[in-house]
Structure formats: structure tokens, C-alpha cells
Amino acid sequence: MSDGTDDEIRLVEPEPDIPAPALPGSVVARRTVDELHDAIAADLMVQALNCVREFGDFHLALSGGRTPFPLYELLMYDPRYRAIPWRRTHLWIVDERAVPFDSPDSNFGRIKEVIGDHSDIPPQQVHPMLAALPECADRYERELREALGWRPKGHDRLDFVLLGMGADGHTASLFPGSPALAAADRLAVDVPAPTTAKPAVPRCTLTLRTLNASRFVAAFVMGADKAPALARIAAGAAPSEVPAAGLRPAAGELRWYLDPAACGQA
Ligand code: 6PG
């Protein structure tokens, strides 16, 4: 196993090219959605190649919502990202709604349609969250521990987590005021239907503990409705009020990818 120091592909420190809120971690603020997609796709590919070189596999957790789907499509068809090592990738879900996979509201159902079915990730490396079943979080926690357990201590964590953020500041399915925000001993939790986001159905979600243990946390946020929550994070809001303020990877990197509207420049 490499010590990850000699032949690692290094990321270039991003510079926002438009004025952006001063968020924890680094900020990639770009004028166009295509530039944002390219920045995330390139960061993902670099992380994936480095992880496969170091550990032999890559553990990727993806969010649903609306924002990331054009990016997921790009990852499938753009030849510049053909080197992403899908066969060595484990696909995890950041959060899931308690609906059948064939519902348009199922995060896994839609991610599977775009990525699961069009990449060559082996089926046993695809990890749906069964949010419609009881004890989803317990099952997912066990599955994560089993899949990551063989890695050296300290590296038994997700490698790349792609998050979104709602206008109320939620990320994953961690909503303002939710007791799930304080679940320090859990990797995943089952949560009741939110009152500030749709669809209003119970969900299962990774916890801040799991997100903050990850090697790379990518928060992809677009739209003017998200600007106030980002400004509150920059001003030091508490995670109980703006859950995405709780993103502080302990030994990993946090990077925000923002469009002008999210930066307050609509
Ligand atoms: C979910 C998501 C959630 C999402 C945000 C942003 O299942 O609801 O994982 O955390 O990322 O709500 O959603 P949009 O991209 O649709 O704004």
C-alpha cells in the first residue's frame, strides 16, 4: 500500500472567480453551471484515482434532490471523466425517502437510473438505503461497517460525499432543530418527515459524524433561495439552526461549489 505521499495526484487550491461567502473549507464559485460541474467532476475523479491507488477501492456517497442530476449524467457520458474507476467504486446513498425505488421521489431509484445502470459498478458494490423498511439506519450502519471495516484504522471512512443544501439550511436529511444532528454515536439515523422540505415523508440519513469523518465533502449549492442560509453559515450560525453549518470534516476536506445566485449575486 502506498503511503499516499509520493505519487498522489494533487488538487489545485480553488480560487472563487466571483465574490463568495466566507464558508468553512474552500469555495469554488463559478459563473456557469458547466464550470461547476467540471470542477466537481474533476475533484471526484482525482479523489477516486488516489483512493483506488491507495486502498484498491473508492467509497462514494451521493445525494438526491434536483441539483446534482445533470452532473451525474455528465459523469456518464463525458469522455474527460472516463477514467473514473467505477469498477472499484462502492456507491452509497447520503439520504433516502421512505418511498418505493420506482417513485420519482426515491433518491436511490433516480441515482441508479443514471449511474447504477450506466457505469460498470458491480451490483454488490451498490448500497441502496431501504428507508421504507423498519430499522433502515441500523442496517445501513452495519453495511457501512462491513464494507469499510477491513481498511486500516483511520481510513475506514467514506472517500467522497456529494451533498446538497436546502433553503432551510438542511443537508442530507438533517433538518433544523432535529435531534438527529446530535447523533454522535450513529453512522445513520431514521428521521421523521420534515416540515420544511418536500417530500414530507420519513427518511433515513447519514449523520454529521459520518459526513465529517469523510475524506472529501463536496457541497454543491445553486440558486438564490439558498443564499440566506449560506450567509448565515458564513456568519457563524449553529448547526441546530442551519444544519449545513455542522459540516466540519475532522481529517478531510470540505469544498463548496456555488453559483452566483447562491453567492447572493442573482
Ligand atoms: C434529499 C437530499 C437533500 C438535498 C437538498 C437540496 O434527499 O432531499 O439529499 O439534502 O440535497 O434538499 O436539494 P435540491 O438540490 O433539490 O435543492
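This report describes strand pairing, a surface patch and selected residues in a predicted model.

## Basis of the model

The model is predicted, with local features requiring pLDDT of at least 70 and side-chain atom pairs counted only at pLDDT 80 or more, while totals for chains, interfaces and linings use all residues. Residues are numbered from 1 along each chain as its sequence is written, and side-chain values use heavy atoms, with hydrogens and water left out.

## The parallel sheet

Seven strands form an open sheet in the order S1-S10-S9-S6-S2-S3-S5, with parallel pairing. Its edge strands, S1 (26–29) and S5 (126–127), each pair on one side only. Helix H4 (residues 136–148) packs on the sheet and touches S2 (58–62), S3 (89–93) and S5, and its direction makes about 160° with that of S3.

Between S1 and S10 (residues 253–258) the parallel pairing runs over four bridges; within it, valine 27 has tryptophan 256 of S10 as its bridge partner. Strands (E, at least two residues) and helices (H or I, at least four) are DSSP runs numbered from the N terminus. Two strands pair if DSSP finds at least two bridges between them. Contact means heavy atoms within 4.5 Å. Axes are lines fitted to C-alpha atoms, for helices over the stretch in contact, and angles run from 0 to 180 degrees between N-to-C directions.

S8 pairs in the antiparallel sense with S4 over three bridges and with S7 (residues 188–191) over four bridges. Threonine 205 in S8 stands opposite aspartate 95 and also opposite valine 189.

## Leucine 206

Leucine 206 lies in strand S8 and counts as buried because its relative accessibility is 1%. Beyond its neighbours within four places in sequence, leucine 206 has contacts that include Ala61, Ile93, Tyr140, Leu144 and Ala188. Leucine 206 and valine 221 are 15 residues apart in sequence and 19 Å apart in space, C-alpha to C-alpha.

## Phenylalanine 101

Phenylalanine 101 is placed in the loop between strand S4 (95–97) and helix H3 (107–116). This phenylalanine 101 counts as partly exposed because its relative accessibility is 34%.

Phe101, Leu130 and Leu133 make a nonpolar surface patch of about 230 Å². Patches are made of residues with over 30% relative accessible area and no salt bridge, like charges being joined within 9 Å and nonpolar side chains (Val, Leu, Ile, Met, Phe, Trp, Tyr) within 5 Å. A salt bridge is a side-chain nitrogen of Lys or Arg within 4 Å of a carboxyl oxygen of Asp or Glu. Accessible areas come from the Shrake-Rupley method with a 1.4 Å probe, and for residues only the protein chains shown count as cover.

Terms used
Buried means under 20% relative accessible area, exposed over 50%, partly exposed in between (1.4 Å probe, protein chains only).
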